[in-house]
2 protein chains.
Amino acid sequence: MTRPLRADSERTVRAILDAANRVLAADPGASLQQIADEAGVARTTVHRRFANREALMEALVQDMLEQMESVIDDSRPETAPPLVALHEMSAGYIRLKSRWRVGAVTEADVHQDVVERIKAKNRAMFQRLADAGVIAADTDLEWAVRAYFALLHEAVERRAATGSEPDTLAALVTSTLVGGLREPVSPA
Amino acid sequence: MTRPLRADSERTVRAILDAANRVLAADPGASLQQIADEAGVARTTVHRRFANREALMEALVQDMLEQMESVIDDSRPETAPPLVALHEMSAGYIRLKSRWRVGAVTEADVHQDVVERIKAKNRAMFQRLADAGVIAADTDLEWAVRAYFALLHEAVERRAATGSEPDTLAALVTSTLVGGLREPVSPA
DNA sequence: CGAAGTTGCAACACCAATGTAGCGACTTTG
DNA sequence: CAAAGTCGCTACATTGGTGTTGCAACTTCG
């Protein structure tokens, strides 16, 4: 719609979004000043790029959602064996360090389009898992997706705390989700 | 330590804490005004009872932790069969509608004592589950507890959305946690 | 009943965060 | 190289939340 940003602007915007992601994850009420500091940028520059705090938030959510979507696509959920795709997807999410919960973004937002796409893709992934017999055929897909993200979220926290490898944590999540705690953790 | 509160004061304090719990669950950055409104009380009264916002927070956390602890104790984790206790505990937590995740309160706080007790009790519960062979013997207890609360949290959200019975949701959580999605949901 | 304590209300001071504006210096782009 | 655009910085206006005080009306409790 608008013409592309100049190179330096684009760097700045990226720096701000990344900083905001980090800072707001730690404290959702953090000030724009804190975000600007983390981004190595003057506070006024943040205001130049994003009219409101709200505008920044929207852009941030949009950005995170897009990153999530590309994680999904990169895991080749349509072609790879379901369990492999699930593992790839988990590792990707964990690397993202995102503390956002897609499942929680239920509210009708400006982001409906992306959210709907992501939800559909997630649902499809679990549908494939069900079809392949990896999970029970009568699994409640809505619950499956929510449980999946809940576990992923814990895995991200654990990564921050222990510094485990994304792949290890992905295996843990997958194992817990599919087989429960009854079975010992086994690699994909 | 101090002499007991007068009857009306006690009512007020309870009203404020309950209101704060509701309001802050929806928006952690809510103002004291919003909390006062929800409690049906003047804002100045909130300040009279709690010197700071911080003091209110502390009292709130303390209160929530105590409620959690009594949920645990009510589930008779030492005497009841482990799976039954787990189910009881889950239903109790869901009823509490607590959006606080104990696992997340890692920071060294004024509440260490209660937090430590709760953590120990949770750990003990899962240890019993392991000893009874309900979950794998080599289960990482820390992970088990975190996964458990993550699923509980989702169950609470689901309750808000669908209005399911606490017992149904508890069964779902227990089943998912122990048996994973591979097996169909089965009653305790 | 009466003293002690509590509440609502109005008024006020204060501060941190937000948002705006202008200017000189620097960077990108054609 | 030059025009257009961007950034850092300083200064300022505004606002919403926080915390305080005083007083009249009401509640509790001995």
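The model is predicted, so local features need pLDDT of at least 70 and side-chain atom pairs count only at pLDDT 80 or more, while totals for chains, interfaces and linings use all residues. Residues are numbered from 1 along each chain as its sequence is written, chains are lettered from A and ligands numbered from 1 in the order in which they are written, and side-chain values use heavy atoms, leaving out hydrogens and water.

Begin by selecting chain A, which is divided into domain 1 (1-50) and domain 2 (61-179); the bounds come from an automatic or database domain assignment. The centres of domain 1 and domain 2 of chain A, taken over C-alpha atoms, are 27 Å apart.

Next, select DNA strand D and the 23 residues around it, of which Thr12(A), Thr45(A), Arg48(A), Arg11(B) and Arg53(B) come nearest. A residue is near a strand if one of its heavy atoms lies within 4 Å of it.

Now display individual side chains. An N or O atom in the side chain of Arg48(A) is 2.8 Å from a base nitrogen of DNA strand D. For Arg11(B), a side-chain N or O atom is 2.7 Å from a phosphate oxygen of DNA strand D. Arg43(B) has a polar side-chain atom 3.0 Å from a base oxygen of DNA strand D.

Helix 3 of chain A gives four residues, the largest share of the surface near DNA strand D.

Methods. A polar contact is a pair of N or O atoms within 3.5 Å; within protein, one must be able to donate a hydrogen and the other to accept it, and residues adjacent in sequence count only if both atoms are side-chain atoms. Helices (H or I, at least four residues) and strands (E, at least two) are DSSP runs, numbered from the N terminus.
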